[in-house]
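Here are a few notes to read alongside the coordinates.

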Amino acid sequence: MSTTDNTETTARRRGRRPAGQDTRTALVEAARAVFAETGYDGATVRAIATRAGVDAAMVNHWFGGKEGLFAQAVLELPFDPLVLQKALLDGPADELGERIVRTFITSWDTAGGGVFVALIRSITGHEQAGHVLRDFFQRFFSALIDSVGSDRIPLRMNLCATQMVGLGMVRYVAKFEPLTTEDVEVLVRAIAPNLQRYLTGDIG
C-alpha cells in the first residue's frame, strides 16, 4: 500500500471528512438533530458521530465530550461548560457565588445577551428545548455543589438555576432598568451572597 493510501486510511479512521467538509460543523449539526429526537440522556456520542459520518473520538477531540457538544449545538453557549466548571472551582468555596455571577454576566454581556434571548425563545416554543436546558443546569450546578461538599444537591441546584435564569430573563429579555445596564460588579455584590447561600449555606 502506498504512503498516500495509508494517509487516507488514517484520516478516515480519525473521522476527517472528505472533500474538505468541516468535521466540527458536521458534529454540531448532527448533535442538534439527535438531541432534538432523543433528548440529552437518550443521545449517545456514538449516535451523533454516526449521524455526522465521523469517528466518535472526534466528539472528545472537538468538544471534550457530550456535555460540551450539547452546549455548543443546542444551548450555543459562548464557553465550554467543562472548562468553566474547573475555572469556577479554582478558588475559595465561599467565593464561588461571586465567580459564578461574574462569569455568567460577563459571558452573556460579551455576546450582547443574544445567546440567552435566543435560548429563552427556543424554550418557550419547543418543549424539548426546555427539557435539555433543565438537564444542562442540573448537571452543571450539581457538579459544582457536589465538589464543595454541600448536602441536598437537587434542591440547591434548582435554587441556583432560578437565580441565574431569572437574572438572565430580567437583564436580557424583559430588560428591567436599571438592572439591564447596571455594572457587573454591582450585580455581583448584590446577587452573589444569595447564590452563595444556595450553594453552601443553610437553606432550612
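Which pattern does the protein follow, read along the sequence? It runs α-α-α-α-α-α-α-α-α-α-α. Please keep in mind throughout that this is a predicted model.

1. **Overall make-up.** The element count goes with that pattern: 11 helices and 0 strands. The protein has 204 residues, of which 41% count as buried. If you take the contacts between residues at least 6 apart in sequence, 65% of them join residues at least 24 apart.

2. **The annotated region.** UniProt, in an unreviewed entry, lists residues 44-63 as "DNA-binding region". In the model, this span is 75% helix and 0% strand. Its end C-alpha atoms lie 14 Å apart. I would treat the label as what the record says, with the caveat that such annotations may be inferred rather than shown by experiment.

3. **Helices H2 and H3.** H2 covers residues 23-42 and H3 covers residues 45-52. How do their axes meet? They come within 8 Å and cross at roughly 125°. The crossing is right-handed. On the H2 side, the contact is made by Ala26, Leu27, Ala30, Ala31, Ala33, Val34, Phe35 and Glu37. H3 contributes Ala47, Ile48, Ala49, Arg51 and Ala52.

4. Which residues of helix H6 (residues 81-88) are buried? They are Pro81, Leu84, Gln85 and Leu88. Seen down the helix axis, these buried residues fall within an arc of 100°, so they line one face of H6.

5. **Gln163, a buried polar side chain to look at.** Gln163 sits in helix H10. Is Gln163 buried or exposed? Its relative accessible area is 18%, and the cut-off for buried is under 20%, so Gln163 counts as buried. Leaving aside residues up to four places away in sequence, Gln163 touches Ile191, Asn194, Leu195 and Tyr198. Leu195 is 32 residues from Gln163 in sequence, yet their C-alpha atoms are 6.9 Å apart in space.

6. Arg152 lies in the loop between helix H9 (127-147) and H10. Although Arg152 is not a glycine, its phi is positive, at about 45°. With 41% relative accessibility, Arg152 counts as partly exposed.

7. Lys175 is a residue other than glycine with a positive phi, near 55°. Its relative accessible area is 54%, and Lys175 is exposed. Further along, the peptide bond from Glu177 to Pro178 is cis, with omega near 5°.

Conventions. Residues numbered from 1 in each chain as written. Predicted model: local features only at pLDDT ≥ 70, side-chain atom pairs only at ≥ 80, totals over all residues. Heavy atoms only, no water. Helix = DSSP H or I, 4+ residues; strand = E, 2+ residues; numbered from the N terminus. Buried < 20%, exposed > 50% of the residue type's maximum accessible area, 1.4 Å probe, protein only. Arc of directions from axis to C-beta. Axes fitted to C-alpha atoms, helices over the stretch in contact; angles between N-to-C directions. Left-handed = near helix turned anticlockwise from the far one by under 90°. Contact = heavy atoms within 4.5 Å.
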